[in-house]
Amino acid sequence: MHERVGVCGSIGSGKSHVCRLMETRFGYKHVNSDQVFKNYLNSNIKYRKILEEYMKDHGVQPFIAQQYQSLAVADFLFGRTAIEDNFKNLREFNVFNAPYVMEAIAPHVYVEGRVVLEMAILPAF
């Protein structure tokens, strides 16, 4: 039997807690999409090159000496002075990145048994 449940919410909303409860009490496999994607980012050279090109076009250097510059990327997505710029950048990045997120999490979610997927919700107005 395949059973998949998605738990989405913003930072601090209790997603991890709910997922851990489902794992321990009901036997679900807990998949944390953030952790899965970080592993994908660190191991997939093709994606890293594509991300570098995308970010370079926006004046952001996502890697320095092979280290992911999460603060630089976060500043690009969330730290601009005009909130309209943040939303525009975030919308465009979500469209760009969605296929890679799906590629990263699919092997962990489309498996036999019960799976609970934890995923943060980012604003994309």
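## Around helix 5

The buried residues of helix 5 are covered by elements that include strand 1, strand 2, helix 2, helix 3 (45-56), helix 4 (70-78) and strand 5. Contact here means heavy atoms within 4.5 Å. Helices (H or I, at least four residues) and strands (E, at least two) are DSSP runs, numbered from the N terminus. The model is predicted: local features need pLDDT of at least 70, side-chain atom pairs count only at pLDDT 80 or more, and totals for chains, interfaces and linings use all residues. Residues are numbered from 1 along each chain as its sequence is written, and side-chain values use heavy atoms, with hydrogens and water left out.

Which residues of helix 5 are buried? They are Asn86, Asn89, Leu90, Phe93, Phe96, Asn97, Tyr100, Ala104, Ile105 and Val109. Buried means under 20% relative accessible area, exposed over 50%, and partly exposed in between (1.4 Å probe, protein chains only). Lys88 is also found in helix 5. Lys88 counts as partly exposed because its relative accessibility is 40%. The C-alpha atoms of Lys88 and Gln61 are separated by 19 Å, and the two residues are 27 apart along the chain.

## A kinked helix

Helix 5 covers residues 83-109, 27 residues in total. Its end C-alpha atoms are only 34 Å apart, short of the 39 Å that a straight helix would reach at 1.5 Å a residue. That expected span is 1.5 Å times one less than the number of residues.

Where does the kink lie in helix 5? It lies at Asn97, shortly before the proline Pro99, and is about 45°. The bend at a residue is the angle between axes fitted to the seven residues ending there and the seven starting there. Asn97 is one of the buried residues of this helix.

## The sheet and its helices

Three strands form an open sheet in the order 1-5-2, with parallel pairing. Strand 1 (2-9) and strand 2 (29-32) are the edge strands, and each pairs on one side only. Two strands pair if DSSP finds at least two bridges between them. Eight bridges join strand 1 to strand 5. Four join strand 2 to strand 5 (residues 113-120). Arg4 stands opposite Val115 in strand 5. Val115 is also the bridge partner of Lys29, while Val31 has Leu117 as its partner.

Helix 1 (residues 15-26) lies across strand 1, strand 2 and strand 5, running at about 170° to strand 5. Helix 2 (residues 33-43) packs on the sheet and touches strand 2 and strand 5. The direction of helix 2 makes about 60° with that of strand 2. Axes are lines fitted to C-alpha atoms, for helices over the stretch in contact, and angles run from 0 to 180 degrees between N-to-C directions.

## Nonpolar cores

The largest nonpolar core has 23 residues. Tyr47, Leu51, Met55 and Phe93 have the most contacts inside it. Helix 2, helix 3, helix 4, helix 5 and strand 5 each give two or more residues to this core. Helix 5 gives the most, with seven residues. A nonpolar core is a set of buried Ala, Val, Leu, Ile, Met, Phe, Trp, Tyr and Cys residues joined through side-chain atoms within 4.5 Å.

Leaving aside its neighbours within four places in sequence, Met55 is in contact with Val60, Pro62, Val73, Phe76 and Phe93. Another core, of five residues, lies apart from the largest one. Val7, Cys19, Tyr28 and Val116 are among its members.
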